[in-house]
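Hi,

Here is the structure I promised to pass on to you. Have a look at it first, and then read on for what turned up.

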Amino acid sequence: MTDLTVALTLNGRPREVRTSAHRTLLEILRDDLGAMEVKEGCGEGVCGTCTVLLDGEPVSSCLVLAPRAAGCQVTTVRGLGDGDRLHPLQEAFVTEGGIQCGFCIPGMILTAYAFLRDHPAASRAEIRRALAGNLCRCTGYTKIIDAIASVVPGRGAGEQGAGGG
Amino acid sequence: MTIPFDYRAPATLAEALALLRDHGEEAKPLAGGQSLVPLLTLRLARPAVLVDLHRLDELRAIRREGDALFVGALVRHRALERGDGVLADCPLLQEAAALIGNVRVRTLGTIGGSLAHADPAAEWPAVARALDALVLVRGPAGDRGVPAGDFFVGALVTALRPGELIVGVRLPVLGPGTGYAVEEFSRRAGDFAVVAAVAVVELAPDGTVARARVSLAGVGSIPQRLTETEAALAGRRPDPETLRRAAAHAGAIEPEGDAHASAAYRRHLARVLTARALARAAAVAARRGAA
């Protein structure tokens, strides 16, 4: 068993954790750093619920061993907004009613955030494909896609029918 | 949390190889972790020592070597999906990478890790097989290159010897007149393919097939080449009837059925996906030939 210190940047703030190497990033975020906005779903990388951005790219935090996060920028859904002001994508989930139980939403928003950053003019079909790895057990996909599409210029409510949920 | 292990993150390939040599069967190398970490958390893998390779920048090289492309073992699926720089010389890689898992798997997963894991339904083993790739390996006895046709031995079993690591893979550049396609069927987006077909078609200047190569994933314990399909195309024009007849040879495979698909359904998928991959590869070849 190996114990080590992992220094990382969490939502812009430098943090340090003393941990065993066999714990995951998900565990140190929730249990040591209090980032309870990161949710555990399947614990084996399938559901997308525990998605965080590692140096800006989406990863399953349950599949990253803690030492791998050393020196990295970790962004959770809390890191997207500006203080108490929500990021427009978060705001869109509120106004479009994209949230049911809410458990999958942090992962949905972070996946969508990284995708729209790289594909700012994405079509509804492309958004659906990009979100395919994030599961919502309320099966609330239609309004989730609506919310994401609503922040893409020119892809608001008018396009909803064509692409389905 | 996984079972406890000693964690080592060597700074050089030589150190990593020394650790693997010293700890033998007790040690397990970690690349992107998208297959190994789930196995650790499920307690299906229980190494005493985990040798994390992520500091080995020497395994991240991508370079053109004559008519070939060298891709380092730690190059991630996302980089291959983007296909920047010389990676554009083998655009089949882009198409295959985009089909792997979900975006999170592609962010961290590596080509070397996927080849070493050797899942029979994974994309990279089938691509390596279709392209006659050379898997470059370093170990206690030095360097060697293992042709993809010899590298995959069984489900999750490769020709890697104790203490050996994949350092990279050598793939052919796909020149003008060469087309490619990957067609796969999975139950849900992002799942492993039930069956996947990889086709590479090279057209001669007269429009006949100079060489066709087809491999399948998901129809056995290792990726399989369809030599009869390939032979049925050589020297022929890739018209729909010829492609259909060639693809029909895919029905000769003998897959095993499991919870995901019966043997008969896999055979059906093999025929259909081979036909689609060949048709698209031939069309791409014709288009690229014109360039």
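In chain A, the C-alpha centres of domain 1 and domain 2 are 23 Å apart. This is a predicted model, in which local features need pLDDT of at least 70 and side-chain atom pairs count only at pLDDT 80 or more, while totals for chains, interfaces and linings use all residues. Residues are numbered from 1 along each chain as its sequence is written, and chains are lettered from A and ligands numbered from 1 in the order in which they are written.

Where do the two domains of chain A run? Domain 1 covers 3-79 and domain 2 covers 88-160; such bounds come from an automatic or database domain assignment. Where they touch, 14 residues of domain 1 of chain A are in contact with eleven residues of domain 2 of chain A (two residues are in contact if their C-beta atoms, placed from the backbone, lie within 7 Å). On the domain 1 side, β3 (51-54) and β4 (57-60) of chain A each supply at least two residues, and β3(A) gives the most, with three residues. By class, that side of domain 1 of chain A has seven nonpolar, four polar and three charged residues. Here Ala, Val, Leu, Ile, Met, Phe, Trp, Tyr, Cys and Pro count as nonpolar, Asp, Glu, Lys and Arg as charged, and the others, Gly among them, as polar.

Now for chain A as a whole. It has six helices and five strands, in the order β-β-α-β-β-β-α-α-α-α-α along the sequence. Helices (H or I, at least four residues) and strands (E, at least two) are DSSP runs, numbered from the N terminus. Of its 165 residues, 48% count as buried, meaning that 20 or more other C-beta atoms, placed from the backbone, lie within 10 Å of a residue's own. The C-alpha atoms of chain A fill a box of roughly 55 × 30 × 25 Å along the principal axes.

Chain B is split into domain 1 (6-51), domain 2 (59-172) and domain 3 (178-290). The C-alpha centres of domains 2 and 3 of chain B lie 20 Å apart, and their contact takes 22 residues from domain 2 and 20 residues from domain 3. Which elements of domain 2 of chain B each supply at least two residues to that side? They are α4 (92-97), α7 (123-130) and β8 (152-154) of chain B, and α7(B) gives the most, with six residues. That side of domain 2 of chain B has 15 nonpolar, three polar and four charged residues.

Enjoy exploring!

Technical notes:
A residue is buried if 20 or more other C-beta atoms lie within 10 Å of its own, exposed if 12 or fewer, and partly exposed in between; C-beta atoms are placed from the backbone.
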